[in-house]
Amino acid sequence: VATWSPDRWQRAWAGGIAVLVALVTAAALAELARMLRRVQPQALFSSAVTKHFRRFACLLMIAAVLRVLLPAAVSLWLAWASGAHAVRLNLDGGDLLSLLPIAVFFFVARLFDEAARIEDDQRSIV
């Protein structure tokens with residue numbers, strides 16, 4: 001039986017996963033910074049703003065999924081490599097719960113897209 005627990009992993013695996021998740025999260029925050037730089041009083045919901053916000057939400061979702069799936073995948077691989085015939089994976093509900101706010105970000109990105117469309121329609125009328 002292989003149990004998914006960071007203290008039983010080799011440090012290189014745990015460190016590699018942490019670095020990868022940190023890099024993806026940093027890329028997400030960079031997209032958020034790009035989005036905030038493009039916000040202007042006359043164009044709050046431009047397509048450039050919504051594009052960067054969607055990228056932010058997507059990268060944040062990738063980081064959360066990697067944080068959930070990579071440790072399980074490494075545990076399965078290490079168990080297979082050691083010849084174990086059974087694997088026990090203990091998943092933390094907090095990691096899965098972190099996907100909910102990220103789903104809200106996708107909803108907000110969709111609202112931004114609709115606001116941008118309405119803003120463009122108003123400008124074309126005037």
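These legends describe close-up views of a predicted model.

View 1. Confidence is highest in α1, at a mean of 89. The lowest value belongs to strand β1, residues 2-3, where the mean is 42.

**View 2. A positive surface patch formed by R37, R38, K51 and R55.** Two helices, α1 (11-38) and α2 (47-82), each give two or more residues to this patch. R55 is one of the patch residues and is found in helix α2. The relative accessible area of R55 is 39%. R55 therefore counts as partly exposed, since this class lies between the limits of 20% and 50%.

**View 3. A nonpolar surface patch made by W13, W77 and W80.** The three tryptophans make a patch of about 400 Å². W13 is placed in helix α1. With a relative accessibility of 31%, W13 is partly exposed. W13 can belong to the patch because patch residues need over 30% relative accessible area, and W13 has 31%.

**View 4. L69 in helix α2.** L69 has a relative accessibility of 52%. This residue counts as exposed because the class begins over 50%. R54 lies 15 residues from L69 along the chain, and the C-alpha atoms of the two residues are separated by 22 Å.

Notes
Residues numbered from 1 in each chain as written. Predicted model: local features only at pLDDT ≥ 70, side-chain atom pairs only at ≥ 80, totals over all residues. Heavy atoms only, no water. Patch = residues over 30% accessible without salt bridge, like charges linked within 9 Å, V, L, I, M, F, W, Y side chains within 5 Å. Areas by Shrake-Rupley, 256 points an atom, 1.4 Å probe, with all protein chains shown as cover. Salt bridge = Lys/Arg side-chain N within 4 Å of Asp/Glu carboxyl O. Lys, Arg positive; Asp, Glu negative; His and termini not counted. Charge placed at Lys NZ, Arg CZ, Asp CG, Glu CD. Helix = DSSP H or I, 4+ residues; strand = E, 2+ residues; numbered from the N terminus. Buried < 20%, exposed > 50% of the residue type's maximum accessible area, 1.4 Å probe, protein only. pLDDT = per-residue confidence, 0-100.
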